[in-house]
Amino acid sequence: MADASRILVLDRRNFVAGAGAAALIGALFAAIPKAGAGERSAKFEAALAALLAGATPKDGGIEMDLPDSVENGAYVPLALSVKSPMTAANHVKAIHLLSTLNPRATVATFRFTPLSGKARITSRMRLAKTQEVVAIAELSDGTFLMGTRTVDVKIGGCGL
Amino acid sequence: MKKPPRVKVPQSIGVGEVVEIKTLATHIMETGNRKDAAGNVIPRDIIHTFTATFDGQEVFSAELGPGIAANPYIAFYLKVAGPGALELVWLDDSGERTVASVPLNVV
């Protein structure tokens with residue numbers, strides 16, 4: 001009961017100060033960007049540049065099946081696919097999987113041949129924290145496709 | 001590999017069919033970034049290469065980094081032109097080469 005009465009005794013000055021502090025805290029939280037969104041390590045930029053070798057990738061064309069959010073970054077299921085006739089003249093040569101904030105940017109490279117019949121791969125990856133996952137598809141005509149997905153990670157993939 | 005890898009293929013495959021081959025290897029995939037209790041770096045030990053060949057021709061391959069989860073699961077597709085043997089090879093940092101020969105029932 002004593003507590004309740006203390007709460008009730010709130011003069012204008014205290015109220016204004018309190019409201020101001022609350023607003024400031026709110027602003028601070030708003031200023032912190034959603035962890036990892038859009039942030040890309042220098043390692044990632046270097047790996048991407050090395051992969052593309054000056055080419056500009058086309059956005060889209062890669063179907064990236066990843067969860068929006070995972071509890072455990074040690075085990076993130078993924079499926080990557082590119083629609084392609086997979087003939088000798090027109091096929092997907094490789095899909096490169098990159099992470100923007102893992103200690104190592106290159107996660108894996110999957111290489112296909114016309115014998116694959118379908119440019120689709122299913123696997124499981126590790127994510128150190130919330131970040132964008134980038135896939136680059138390398139086509140037989142020398143062009144590149146690029147896809148991006150953000151995955152929210154609650155607990156990072158331990159000791160990446 | 002402590003346990004042999006598991007490979008799943010369709011029970012019967014028609015000629016010219018594109019089928020999914022599912023593989024699961026048993027491997028710690030130690031990243032090389034972790035430290036033990038004494039503070040020493042645990043050396044990297046991962047499966048770095050996976051290759052699939054059908055009748056001696058390469059179908060699919062993968063270069064894996066430490067960003068692939070432990071016990072790597074890889075599923076890929078194969079266009080089966082006719083009867084033949086599918087050979088899968090996993091290579092790890094310790095130099096171990098694990099081979100699985102998978103018979104395909106082509107009807």
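The loop between α3 (42–52) and β1 (58–59) of chain A holds A:A53. In this predicted model, A:A53 has a positive phi of about 45°, although A:A53 is not a glycine. Most residues other than glycine have a negative phi. A:A53 has 7 C-beta neighbours inside 10 Å, so A:A53 counts as exposed. A:G54 lies in the loop between α3 and β1 of chain A. A:G54 is exposed because 5 other C-beta atoms lie within 10 Å.

A:M86 sits in the loop between β4 (76–82) and β5 (92–99) of chain A. Here the C-beta count inside 10 Å is 21, so A:M86 counts as buried. The burial cut-off is 20 or more other C-beta atoms within 10 Å.

A:E71 belongs to strand β3 (residues 69–72) of chain A. With 11 C-beta neighbours inside 10 Å, A:E71 is classed as exposed. The cut-off for that class is 12 or fewer. Leaving out residues up to four places away in sequence, A:E71 touches A:K154 and A:I155. A:E39 is 32 residues from A:E71 along the chain, and their C-alpha atoms are separated by 20 Å.

The largest nonpolar core contains 53 residues. Within this core, A:I95, A:L97, A:L98, A:M125 and A:A135 touch the most other members. Strand β8 (residues 131–139) of chain A provides the largest share of the core, five residues. In soluble globular proteins, nonpolar side chains tend to be buried together. The contacts of A:M125 involve both chains. With neighbours within four places in sequence set aside, A:M125 is in contact with A:V76, A:L78, A:L97 and A:V107 from chain A, and with B:G67, B:I68 and B:A69 from chain B.

The contact between the chains takes 27 residues from chain A and 26 residues from chain B. On the chain B side, β4 (57–64) and β5 each supply at least two residues. The most comes from β4(B), with eight residues. By class, the side of chain B that touches chain A has 16 nonpolar, six polar and four charged residues. Strand pairing also crosses between the chains. Strand β6 (residues 106–112) of chain A and β4(B) run antiparallel and are joined by five bridges. One bridge pairs A:R111 with B:S61 in β4(B). For the complex, the predictor gives an ipTM of 0.95 and a pTM of 0.84.

Chain B has seven strands and zero helices. Its pattern along the sequence is β-β-β-β-β-β-β. Strand β1 (residues 6–8) and strand β2 (residues 18–24) of chain B run antiparallel, with three bridges joining them. In this pairing B:V7 has B:T23 of β2(B) as its bridge partner. β2(B) also pairs with strand β5 (residues 73–79) of chain B, in the antiparallel sense and over seven bridges. There, the bridge partner of B:V18 is B:K79 in β5(B).

Taken along the principal axes, the C-alpha atoms of chain B fill a box of roughly 60 × 20 × 20 Å. Chain B has 107 residues, and 27% of them are buried. Of the contacts in chain B with a separation of 6 or more, 58% are between residues 24 or more positions apart.

The mean pLDDT of chain B is 95, and 100% of its residues reach 70 or more. Among the elements of chain B, β5(B) has the highest mean pLDDT, 98. The lowest mean, 95, belongs to strand β7 (residues 97–103) of chain B. Where pLDDT is low, the predicted coordinates should not be read in detail.

How values were computed: Residues numbered from 1 in each chain as written. Chains lettered and ligands numbered in written order. Predicted model: local features only at pLDDT ≥ 70, side-chain atom pairs only at ≥ 80, totals over all residues. Pairing = 2+ DSSP bridges. Helix = DSSP H or I, 4+ residues; strand = E, 2+ residues; numbered from the N terminus. Contact = placed C-beta atoms within 7 Å. Nonpolar A, V, L, I, M, F, W, Y, C, P; charged D, E, K, R; others polar. pLDDT = per-residue confidence, 0-100. Core = buried A, V, L, I, M, F, W, Y, C linked by C-beta atoms within 7 Å.
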